[in-house]
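Please open the structure in your viewer and keep the selection tool at hand.

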Amino acid sequence: MADFPFLSSGAITQYPAPLTSGQATQVIRFLDGSDQRFLVQGRVFRSWEIRLDLLNNQEIQQLEAFFVSEQGDYSSFVFPDPFTGNDVPNCRIGAPGLVTEYVGEDVNSTSLWVIEANG
Amino acid sequence: MLPDGSMVLYSDPYGGRLIWELTYSDLSAVELQAIQEHFEACIGPFHAFTFIDPTDNMLVSSSDLTASVWQRVSTMELTSGVADPQGGSSAFAVTNAGQADQEISQTMIVPASYMYCFSLYASSAEPTNITLIRRATSIQSTSVAIGPSWNRVISSGQLSDTDSNFTIAVSLPAGQRANLYGLQLEPQIAPSRYRPTAQVGGIYANAHWGVNELTVVAQRPNLFSTSFSIETAI
């Protein structure tokens, strides 16, 4: 299992750093204005948007290599949560593709989602 | 819509909803944690909670002190149709015909420990004092002098108790008469413009988170932002 690459600064992500958490609820609304609610997910899952700018070639190459090793969104990995510092198991990249932008010489950027799953 | 341009419509009299879009910026980690903990405690939109509309008057029937939600003894006499400070005739003359201080009050099921601002317009033909009261287990009273001119008087602050009932009241000394208008309670430190209410005040006991996911953005160390919606059926 590959490790999510750290930047040369030792950080996982850059500011601004969005974090999303939730547990989906389905709501059925009735004609009398009342509703019935039920959970459609067994527990809370988190997802992190990793926005990275001003990456050097080595940093962007590490991310690309990680994406390839994970086969996109296929494989799971342990993600070091930048908010808590805790390792979160069963994480995946949130999309089957990764867009990397070569902005200039040794200057690159990319953005990806990391999503937490149950297995 | 039919091909001829006519429309077939059905009314949905119970489908009304109020939705608040709330945006927060420059939150500390402690403030953000409080929001996240509440979201998790409710499991997002699953459980209901009581929401106080930050843009409304919490009191019910603020424009009708004779409504049953207002508690008073029979010797606290009310006369409606008194000229109010906004050019109408919606004020009430309140006369304490009893032998001791009497009050007119309203009780709500909200946390007593929040910051509240109770405000109203008051006047009196003869100079007198009225007392604005905020109470739960503990009590805070503010005595104010009033005279022939309308004045907006306020009582603001937090009670240091954990009661889930909160009462506001206006007390008059025995034999005194005052004109009252625009009673308003808000969950903030100072009053905003008066918002008259009828059968519904700004407290919604069956509100839900309107989002399945709560997104927070770390802008800088210990500086966060978030936005979400809260909704309730009306």
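Begin by selecting β1(A) together with strand β14 (residues 213-220) of chain B, which run antiparallel and are joined by six bridges; strands here are DSSP runs of E with at least two residues, helices are runs of H or I with at least four, both numbered from the N terminus, and two strands pair if DSSP finds at least two bridges between them. Within this pair, pick A:Leu19, whose bridge partner in β14(B) is B:Val216. This is a predicted model, in which local features need pLDDT of at least 70 and side-chain atom pairs count only at pLDDT 80 or more, while totals for chains, interfaces and linings use all residues. Residues are numbered from 1 along each chain as its sequence is written, and chains are lettered from A and ligands numbered from 1 in the order in which they are written.

Then move to chain B and select the open sheet of five strands, whose order is β4-β5-β12-β7-β10 with antiparallel pairing. Its edge strands, each pairing on one side only, are β4 (76-82) and β10 (151-158) of chain B. Finally, select β7 (residues 115-123) and β12 (residues 177-186) of chain B, an antiparallel pair over six bridges, and find B:Ser123, whose bridge partner in β12(B) is B:Asn179.
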